[in-house]
Amino acid sequence: MLAERLPSILPPLSPDDAVTVTSIHSLAGTFNADAGLLTRPPLRAPHHTATRAAVVGGGTGTPRPGDVSLAHRGVLFLDEAPEFSAGVLDCLRQPLESGVVTIDRVGGRATYPAAFQLVLAANPCPCGRATGRGLECTCTSLQRRRYFSRLSGPLLDRVDIQVEVAAVTADDLAAGTAGEPSAVVAARVAEARARAARRLADTPWRLMGEVPGGWLRSPASGTDASLLTPLMTALDRGDLTLRGVDRVLRLAWTLADLGARPAPTPTDIGAALALRTRGARP
Ligand SMILES: [Zn+2]
């Protein structure tokens with residue numbers, strides 16, 4: 001439910017993105033001309049039985065865009081992610097890194113935009129009952145390990161935030177603590193994006209997700225050199241890859257933007273590290 005509501009807190013598409021996203025949907029045959037230009041970030045949620053061609057793109061003749069491209073500038077949500085085929089999951093790495101996907105077919109090669117936010121959801125175990133004390137769970141430890149091993153290290157290395165979401169209890173419902181409305185969160189996201197855009201005004205990038213790691217680690221980005229120390233220690237210990245270092249830095253900048261701070265603090269770095277390593281619970 002949270003994943004499906006993520007697009008509602010994202011800012012509307014820029015005019016350029018609206019044209020690109022609409023073109024992709026038109027090419028794929030999923031565009032409804034009566035509805036006009038697509039101006040909201042799209043959500044794609046393929047089923048875990050979806051083929052590689054459906055998710056990544058393909059088909060006979062000229063390759064058609066798949067879900068990764070139809071989710072461009074929006075959200076790609078894979079529910080029960082470990083149930084997807086390894087072939088499909090591995091194919092996500094190229095677009096996650098480059099924001100584009102290249103499809104080779106007999107009929108020719110096509111490159112489509114594919115810059116999406118990836119949301120993966122997984123049960124705690126194959127039977128799905130290993131929450132809380134997990135007394136109801138009937139899975140063996142081998143079954144649990146196998147289940148999660150399908151989400152490969154290289155894919156998880158490209159995931160910035162991992163959170164455990166506890167099941168809703170009757171007490172939670174009775175307490176009636178309603179969360180913030182999406183519109184309130186959306187305003188905060190828009191403000192954070194505006195801060196990032198102002199800071200990046202003299203660069204080719206608009207979003208923190210687009211900023212290359214080398215620049216992010218350089219003084220030009222405004223990243224205080226002392227913030228890098230704990231990350232470089234983690235890199236040397238093998239706890240973080242270089243990609244992981246860059247992703248923690250990006251997330252720390254986003255946390256600073258959300259908190260209206262001019263630059264990340266050591267606390268932002270710590271929070272970003274905890275979110276990456278499943279050290280945090282919502
Ligand atoms: Zn289980």
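The following exercises, with worked solutions, concern a predicted model.

**Exercise 1. Determine which atoms coordinate the zinc ion and what geometry they form.**

Solution. Begin with the donors: the SG atoms of Cys-125, Cys-127, Cys-137 and Cys-139 coordinate the zinc ion at 2.2 to 2.4 Å. Next, consider the angles: the four donor atoms subtend 104 to 113° around the zinc ion. Four donors count as tetrahedral if all angles lie between 85 and 135 degrees. The arrangement is therefore tetrahedral.

**Exercise 2. Locate Ala-121 and identify which residues it touches.**

Solution. Ala-121 belongs to the loop that runs between strand S7 (117–120) and helix H7 (141–149). Its relative accessible area is 23%, so Ala-121 is partly exposed. Leaving aside residues up to four places away in sequence, Ala-121 touches Phe-77, Leu-78, Asp-79, Glu-80, Ala-81 and Pro-82. For Ala-81, the sequence separation from Ala-121 is 40 residues, while the C-alpha to C-alpha distance is 5.7 Å.

**Exercise 3. State what UniProt places at residues 179–276 and characterise that span.**

Solution. An unreviewed UniProt entry places the feature "domain: Mg chelatase-related protein C-terminal" there. In the model, residues 179–276 are 65% helix and 0% strand, and the end C-alpha atoms lie 23 Å apart.

Key:
Residues are numbered from 1 along each chain as its sequence is written. This is a predicted model: local features need pLDDT of at least 70, side-chain atom pairs count only at pLDDT 80 or more; totals for chains, interfaces and linings use all residues. Side-chain values use heavy atoms; hydrogens and water are left out. UniProt positions are given in the numbering used here, feature names are shortened, and annotations may be inferred rather than shown by experiment. Helices (H or I, at least four residues) and strands (E, at least two) are DSSP runs, numbered from the N terminus. Buried means under 20% relative accessible area, exposed over 50%, partly exposed in between (1.4 Å probe, protein chains only). Contact means heavy atoms within 4.5 Å. Donors are N, O and S atoms within 2.8 Å of the metal (3.2 Å for Na, K and Ca); water is not among the atoms, so sites may look incomplete. Four donors count as tetrahedral if all angles lie between 85 and 135 degrees; four count as square planar and six as octahedral if opposite donors are over 155 degrees apart and all others between 65 and 115; anything else is irregular.
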